[in-house]
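Take a moment with the sequence and the fold below. We will walk through them one step at a time.

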Amino acid sequence: TFTDAATDNMRRRLINLIGTPAYFVQISTFHSFCQSVIKDHPEIFSIGDDTQALSDLERLDIFQFLISQNDFAAIKPLNAPYLFLSAAIDQIKTLKREHVSPEKFSSLLKDEQKLLDTTQDELGKTLLAQKQKDLIKNQDLYKLYSLYQKELKKRARFDFEDMINFVVDRFTSDPELLLSYQERLQYILVDEYQDTNSAQNELVFKLASFWDNPNLFVTGDPSQSIFRFQGASLENSQEFISRFPKATIISLTDNYRSTATILDSATTLIKNNPSLLPNLTHL
(Lines give C-alpha, C1' and ligand atoms only; values in the text may rest on other atoms or scores of the structure.)
Protein backbone atom coordinates (compact mmCIF):
# COMPACT_ATOMS: atom_id res chain seq x y z
CA THR A 1 0.00 0.00 0.00
CA PHE A 2 1.03 3.68 0.05
CA THR A 3 0.99 5.12 3.57
CA ASP A 4 2.09 4.04 7.04
CA ALA A 5 -1.42 4.81 8.28
CA ALA A 6 -2.85 2.34 5.75
CA THR A 7 -0.47 -0.41 6.89
CA ASP A 8 -1.56 0.11 10.52
CA ASN A 9 -5.21 0.02 9.47
CA MET A 10 -4.67 -3.19 7.53
CA ARG A 11 -2.91 -4.79 10.48
CA ARG A 12 -5.74 -3.94 12.88
CA ARG A 13 -8.36 -5.30 10.48
CA LEU A 14 -6.40 -8.49 9.95
CA ILE A 15 -5.97 -9.00 13.70
CA ASN A 16 -9.74 -8.75 14.08
CA LEU A 17 -10.19 -11.35 11.34
CA ILE A 18 -7.58 -13.99 12.16
CA GLY A 19 -6.08 -13.01 15.52
CA THR A 20 -2.37 -13.25 16.42
CA PRO A 21 -1.23 -14.88 13.12
CA ALA A 22 -1.81 -11.43 11.58
CA TYR A 23 1.45 -10.30 13.17
CA PHE A 24 3.33 -12.70 10.87
CA VAL A 25 1.83 -11.30 7.67
CA GLN A 26 4.10 -8.84 5.86
CA ILE A 27 2.22 -5.57 5.44
CA SER A 28 4.16 -2.59 4.13
CA THR A 29 4.22 0.39 1.85
CA PHE A 30 5.98 0.07 -1.49
CA HIS A 31 8.86 2.16 -0.20
CA SER A 32 9.30 0.40 3.14
CA PHE A 33 9.27 -2.99 1.37
CA CYS A 34 11.99 -1.88 -1.04
CA GLN A 35 13.98 -0.26 1.75
CA SER A 36 13.93 -3.56 3.65
CA VAL A 37 15.16 -5.43 0.56
CA ILE A 38 18.03 -2.99 0.20
CA LYS A 39 18.95 -3.04 3.89
CA ASP A 40 18.79 -6.85 4.05
CA HIS A 41 21.20 -7.22 1.10
CA PRO A 42 23.83 -4.45 1.42
CA GLU A 43 26.40 -6.58 -0.41
CA ILE A 44 24.11 -6.82 -3.45
CA PHE A 45 23.10 -3.17 -3.56
CA SER A 46 26.63 -1.91 -2.79
CA ILE A 47 25.62 0.37 0.05
CA GLY A 48 27.33 0.96 3.36
CA ASP A 49 25.93 0.86 6.86
CA ASP A 50 25.79 4.67 6.87
CA THR A 51 23.73 4.91 3.67
CA GLN A 52 20.39 6.54 4.45
CA ALA A 53 17.20 7.70 2.76
CA LEU A 54 17.21 11.31 1.65
CA SER A 55 15.10 13.92 3.40
CA ASP A 56 13.21 16.61 1.47
CA LEU A 57 15.46 19.28 2.97
CA GLU A 58 18.60 17.44 1.86
CA ARG A 59 17.15 17.02 -1.63
CA LEU A 60 16.57 20.76 -1.91
CA ASP A 61 20.08 21.47 -0.62
CA ILE A 62 21.64 19.13 -3.17
CA PHE A 63 19.77 20.65 -6.11
CA GLN A 64 20.63 24.19 -5.04
CA PHE A 65 24.27 23.18 -4.74
CA LEU A 66 24.35 21.52 -8.17
CA ILE A 67 22.68 24.46 -9.89
CA SER A 68 25.00 26.97 -8.24
CA GLN A 69 28.12 25.00 -9.15
CA ASN A 70 27.31 24.17 -12.77
CA ASP A 71 26.36 25.93 -16.00
CA PHE A 72 23.07 25.20 -17.71
CA ALA A 73 21.91 26.55 -21.05
CA ALA A 74 18.20 26.93 -20.36
CA ILE A 75 17.17 26.15 -16.78
CA LYS A 76 19.44 28.64 -14.98
CA PRO A 77 18.41 32.22 -15.85
CA LEU A 78 21.13 34.77 -15.15
CA ASN A 79 19.18 36.89 -12.68
CA ALA A 80 17.13 34.06 -11.16
CA PRO A 81 19.27 30.89 -11.06
CA TYR A 82 16.72 28.91 -9.02
CA LEU A 83 13.67 29.87 -11.06
CA PHE A 84 13.21 26.33 -12.42
CA LEU A 85 14.41 24.54 -9.28
CA SER A 86 11.02 23.25 -8.14
CA ALA A 87 10.00 22.22 -11.66
CA ALA A 88 13.30 20.39 -12.18
CA ILE A 89 12.91 18.45 -8.92
CA ASP A 90 9.36 17.43 -9.88
CA GLN A 91 10.44 16.38 -13.38
CA ILE A 92 13.25 14.19 -12.05
CA LYS A 93 10.84 12.62 -9.55
CA THR A 94 8.52 11.85 -12.47
CA LEU A 95 11.32 10.29 -14.51
CA LYS A 96 12.22 8.02 -11.63
CA ARG A 97 8.59 7.05 -11.02
CA GLU A 98 8.38 6.09 -14.70
CA HIS A 99 11.54 4.01 -14.22
CA VAL A 100 13.55 6.22 -16.60
CA SER A 101 17.24 6.27 -15.64
CA PRO A 102 19.63 9.06 -16.73
CA GLU A 103 20.98 6.70 -19.39
CA LYS A 104 17.53 5.93 -20.75
CA PHE A 105 16.60 9.61 -20.63
CA SER A 106 19.72 10.46 -22.64
CA SER A 107 18.77 7.85 -25.23
CA LEU A 108 15.26 9.28 -25.49
CA LEU A 109 16.67 12.79 -26.02
CA LYS A 110 18.97 11.54 -28.78
CA ASP A 111 15.98 9.96 -30.49
CA GLU A 112 14.10 13.24 -30.15
CA GLN A 113 17.02 15.11 -31.71
CA LYS A 114 17.12 12.70 -34.64
CA LEU A 115 13.37 13.10 -35.13
CA LEU A 116 13.70 16.88 -35.18
CA ASP A 117 16.57 16.68 -37.67
CA THR A 118 14.52 14.57 -40.06
CA THR A 119 11.22 16.44 -39.73
CA GLN A 120 12.31 20.06 -39.33
CA ASP A 121 11.36 20.90 -42.91
CA GLU A 122 7.82 19.68 -42.25
CA LEU A 123 7.40 21.74 -39.09
CA GLY A 124 6.53 25.41 -39.05
CA LYS A 125 9.14 27.83 -37.76
CA THR A 126 7.26 28.51 -34.54
CA LEU A 127 6.68 24.85 -33.72
CA LEU A 128 10.26 23.93 -34.63
CA ALA A 129 11.65 26.70 -32.43
CA GLN A 130 9.49 25.56 -29.49
CA LYS A 131 10.55 21.93 -29.87
CA GLN A 132 14.21 22.92 -30.04
CA LYS A 133 13.79 25.07 -26.94
CA ASP A 134 12.12 22.18 -25.09
CA LEU A 135 14.91 19.83 -26.16
CA ILE A 136 17.57 22.17 -24.77
CA LYS A 137 15.71 22.34 -21.46
CA ASN A 138 15.48 18.56 -21.33
CA GLN A 139 19.17 18.25 -22.10
CA ASP A 140 19.84 20.52 -19.12
CA LEU A 141 17.49 18.34 -17.09
CA TYR A 142 19.44 15.23 -18.12
CA LYS A 143 22.69 16.90 -17.01
CA LEU A 144 21.14 17.86 -13.65
CA TYR A 145 19.65 14.36 -13.23
CA SER A 146 23.06 12.74 -13.84
CA LEU A 147 24.83 15.11 -11.44
CA TYR A 148 22.14 14.50 -8.82
CA GLN A 149 22.59 10.72 -8.94
CA LYS A 150 26.35 11.08 -8.62
CA GLU A 151 25.96 13.45 -5.67
CA LEU A 152 23.59 11.04 -3.93
CA LYS A 153 26.17 8.29 -4.23
CA LYS A 154 28.90 10.62 -3.00
CA ARG A 155 26.84 11.56 0.08
CA ALA A 156 25.73 7.97 0.71
CA ARG A 157 22.08 8.80 0.18
CA PHE A 158 19.20 7.50 -1.92
CA ASP A 159 15.77 9.04 -2.38
CA PHE A 160 12.34 7.43 -2.14
CA GLU A 161 12.07 6.93 -5.91
CA ASP A 162 15.50 5.28 -5.98
CA MET A 163 14.40 2.65 -3.50
CA ILE A 164 11.89 1.15 -5.90
CA ASN A 165 14.06 1.49 -9.00
CA PHE A 166 17.06 -0.10 -7.26
CA VAL A 167 14.99 -3.14 -6.32
CA VAL A 168 13.26 -3.46 -9.70
CA ASP A 169 16.61 -3.26 -11.51
CA ARG A 170 18.20 -5.80 -9.17
CA PHE A 171 15.25 -8.18 -9.47
CA THR A 172 15.72 -7.94 -13.25
CA SER A 173 19.46 -8.68 -13.19
CA ASP A 174 19.52 -11.13 -10.26
CA PRO A 175 17.01 -13.99 -10.77
CA GLU A 176 18.09 -15.72 -7.56
CA LEU A 177 17.29 -12.68 -5.43
CA LEU A 178 13.92 -12.32 -7.13
CA LEU A 179 13.17 -16.02 -6.64
CA SER A 180 13.91 -15.78 -2.91
CA TYR A 181 11.17 -13.15 -2.55
CA GLN A 182 8.79 -14.96 -4.87
CA GLU A 183 9.09 -18.05 -2.66
CA ARG A 184 8.49 -15.95 0.44
CA LEU A 185 5.59 -13.88 -0.93
CA GLN A 186 3.25 -16.34 -2.61
CA TYR A 187 0.09 -14.28 -2.10
CA ILE A 188 0.11 -10.58 -2.95
CA LEU A 189 -2.54 -7.93 -2.32
CA VAL A 190 -2.16 -4.33 -3.50
CA ASP A 191 -4.38 -1.62 -2.05
CA GLU A 192 -5.29 1.60 -3.91
CA TYR A 193 -3.95 0.09 -7.13
CA GLN A 194 -5.06 3.09 -9.19
CA ASP A 195 -2.31 5.10 -7.47
CA THR A 196 0.57 2.89 -8.62
CA ASN A 197 3.15 4.45 -10.91
CA SER A 198 5.19 2.61 -13.54
CA ALA A 199 8.04 1.65 -11.20
CA GLN A 200 5.68 0.34 -8.51
CA ASN A 201 3.66 -1.53 -11.12
CA GLU A 202 6.81 -3.18 -12.43
CA LEU A 203 7.75 -4.23 -8.90
CA VAL A 204 4.38 -6.00 -8.52
CA PHE A 205 4.79 -7.72 -11.88
CA LYS A 206 8.30 -8.89 -10.99
CA LEU A 207 7.13 -10.46 -7.75
CA ALA A 208 4.21 -12.17 -9.55
CA SER A 209 6.19 -13.26 -12.60
CA PHE A 210 7.07 -16.75 -11.33
CA TRP A 211 3.52 -18.03 -11.84
CA ASP A 212 1.50 -18.18 -15.03
CA ASN A 213 -1.58 -17.53 -12.92
CA PRO A 214 -0.27 -15.76 -9.79
CA ASN A 215 -2.05 -15.32 -6.47
CA LEU A 216 -2.34 -11.58 -7.09
CA PHE A 217 -5.25 -9.45 -5.87
CA VAL A 218 -5.43 -5.72 -6.52
CA THR A 219 -8.16 -3.32 -5.49
CA GLY A 220 -8.68 0.14 -6.89
CA ASP A 221 -10.77 2.47 -9.03
CA PRO A 222 -9.20 3.13 -12.46
CA SER A 223 -11.37 6.22 -12.88
CA GLN A 224 -9.50 7.86 -9.99
CA SER A 225 -6.28 7.71 -12.01
CA ILE A 226 -7.32 11.04 -13.51
CA PHE A 227 -5.76 12.68 -10.43
CA ARG A 228 -2.30 11.38 -11.50
CA PHE A 229 -1.39 11.00 -7.82
CA GLN A 230 2.36 10.41 -7.41
CA GLY A 231 2.72 9.29 -11.02
CA ALA A 232 -0.41 7.14 -11.13
CA SER A 233 -1.93 6.51 -14.55
CA LEU A 234 -4.79 4.64 -16.15
CA GLU A 235 -2.21 2.81 -18.28
CA ASN A 236 -1.12 0.80 -15.24
CA SER A 237 -4.59 -0.70 -14.82
CA GLN A 238 -4.75 -1.32 -18.56
CA GLU A 239 -1.42 -3.13 -18.43
CA PHE A 240 -2.63 -5.29 -15.55
CA ILE A 241 -5.61 -6.48 -17.59
CA SER A 242 -3.34 -7.01 -20.60
CA ARG A 243 -0.83 -9.09 -18.60
CA PHE A 244 -3.48 -11.12 -16.82
CA PRO A 245 -6.33 -11.55 -19.32
CA LYS A 246 -7.78 -14.43 -17.27
CA ALA A 247 -8.02 -12.33 -14.12
CA THR A 248 -11.42 -12.29 -12.44
CA ILE A 249 -12.77 -8.73 -12.34
CA ILE A 250 -15.15 -7.92 -9.49
CA SER A 251 -16.98 -4.62 -9.88
CA LEU A 252 -18.25 -3.03 -6.69
CA THR A 253 -21.51 -1.32 -7.59
CA ASP A 254 -22.91 -0.47 -4.15
CA ASN A 255 -21.65 2.75 -2.60
CA TYR A 256 -22.12 3.54 1.08
CA ARG A 257 -19.94 6.64 1.35
CA SER A 258 -21.71 9.25 -0.75
CA THR A 259 -25.10 10.57 -1.85
CA ALA A 260 -27.07 9.73 -4.99
CA THR A 261 -26.65 13.26 -6.38
CA ILE A 262 -22.86 13.06 -6.23
CA LEU A 263 -22.76 9.51 -7.59
CA ASP A 264 -25.08 10.32 -10.51
CA SER A 265 -23.03 13.42 -11.38
CA ALA A 266 -19.77 11.48 -11.20
CA THR A 267 -21.15 8.68 -13.38
CA THR A 268 -22.33 11.18 -16.00
CA LEU A 269 -18.86 12.72 -16.09
CA ILE A 270 -16.92 9.44 -16.11
CA LYS A 271 -18.95 8.07 -19.03
CA ASN A 272 -17.39 10.79 -21.21
CA ASN A 273 -13.92 9.38 -20.60
CA PRO A 274 -12.72 7.81 -23.87
CA SER A 275 -10.18 5.69 -21.96
CA LEU A 276 -12.64 3.71 -19.86
CA LEU A 277 -11.43 0.16 -19.30
CA PRO A 278 -13.60 -2.56 -20.86
CA ASN A 279 -15.67 -4.87 -18.70
CA LEU A 280 -15.59 -2.54 -15.71
CA THR A 281 -18.71 -1.15 -14.11
CA HIS A 282 -18.30 2.38 -12.80
CA LEU A 283 -20.24 3.43 -9.70
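**A walk through the fold**

Ile 136 touches Ala 73 and Ala 74, leaving aside residues up to four places away in sequence. Ile 136 sits in helix H7. Is Ile 136 buried or partly exposed? Its relative accessible area is 38%, so Ile 136 counts as partly exposed. Now look from Ile 136 to Ile 67. These two are 69 residues apart along the chain, and their C-alpha atoms are separated by 16 Å. Keep in mind that this is a predicted model.

Step back to the whole chain. The protein chain holds twelve helices and four strands. Its C-alpha atoms fill a box of roughly 60 × 55 × 35 Å, taken along the principal axes. The chain has 283 residues, and buried residues make up 35% of them. Consider the contacts between residues at least 6 apart in sequence. Of these, 74% join residues at least 24 apart.

Return to helix H7, which covers residues 125–154. How does helix H4 pack against H7? H4 spans residues 56–69, and the two helices pack at an angle of about 125 degrees. Their axes are 10 Å apart. The angle therefore makes H4 oblique to H7. H4 passes H7 in a right-handed crossing. Which residues meet there? From H4 come Arg 59, Ile 62, Phe 63, Phe 65, Leu 66 and Ile 67. From H7 come Leu 144, Leu 147, Tyr 148, Glu 151 and Leu 152. By class, the contact of H4 with H7 has nine nonpolar residues, no polar ones and two charged ones.

Is Arg 59 buried or exposed? Its relative accessible area is 5%, so Arg 59 is buried. Arg 59 touches Leu 54, Ile 89, Lys 93, Tyr 148, Asp 159 and Glu 161, not counting residues up to four places away in sequence.

Next, the inside of the protein. In soluble globular proteins, nonpolar side chains tend to be buried together. Here the largest nonpolar core has 30 residues. Phe 33, Phe 45, Val 167, Phe 171, Leu 203 and Leu 207 have the most contacts inside this core. Where do the core residues come from? Helices H2 (30–40), H3 (42–45), H8 (160–173), H9 (175–184) and H10 (198–208) each supply at least two, and so does strand E3 (188–190). The largest share of this core, six residues, comes from H10.

Start with Phe 171. Not counting residues up to four places away in sequence, Phe 171 touches Leu 177, Leu 178, Tyr 181, Leu 203, Lys 206 and Leu 207. Now take Leu 207, which lies in helix H10. Its relative accessibility is 7%, so Leu 207 counts as buried. Leu 207 touches Phe 33, Phe 171, Leu 178, Tyr 181, Gln 182 and Ile 188, with residues up to four places away in sequence left out. Leu 207 and Ile 188 are 19 residues apart in sequence. In space, they are 8.5 Å apart, C-alpha to C-alpha.

Helices H8 and H10 also pair up. Their axes come within 9 Å and cross at roughly 35 degrees. The crossing of H8 and H10 is left-handed. On the H8 side, the contact uses Ile 164, Asn 165, Val 167, Val 168, Phe 171 and Thr 172. On the H10 side, it uses Ala 199, Gln 200, Glu 202, Leu 203, Lys 206 and Leu 207. The residues of this contact divide into seven nonpolar, three polar and two charged.

Finish with two loops. Ala 156 is found in the loop between H7 and strand E2 (157–158). Phi of Ala 156 is near 60 degrees, a positive value in a residue other than glycine. At 17% relative accessibility, Ala 156 counts as buried. Glu 192 lies in the loop between E3 and H10. Phi of Glu 192 is near 50 degrees, again positive in a residue other than glycine. Is Glu 192 buried or partly exposed? At 34% relative accessibility, Glu 192 counts as partly exposed.

How values were computed:
Residues numbered from 1 in each chain as written. Predicted model: local features only at pLDDT ≥ 70, side-chain atom pairs only at ≥ 80, totals over all residues. Heavy atoms only, no water. Axes fitted to C-alpha atoms, helices over the stretch in contact; angles between N-to-C directions. Parallel < 35°, antiparallel > 145°, perpendicular 65-115°, else oblique. Left-handed = near helix turned anticlockwise from the far one by under 90°. Contact = heavy atoms within 4.5 Å. Nonpolar A, V, L, I, M, F, W, Y, C, P; charged D, E, K, R; others polar. Core = buried A, V, L, I, M, F, W, Y, C linked by side-chain atoms within 4.5 Å. Buried < 20%, exposed > 50% of the residue type's maximum accessible area, 1.4 Å probe, protein only.
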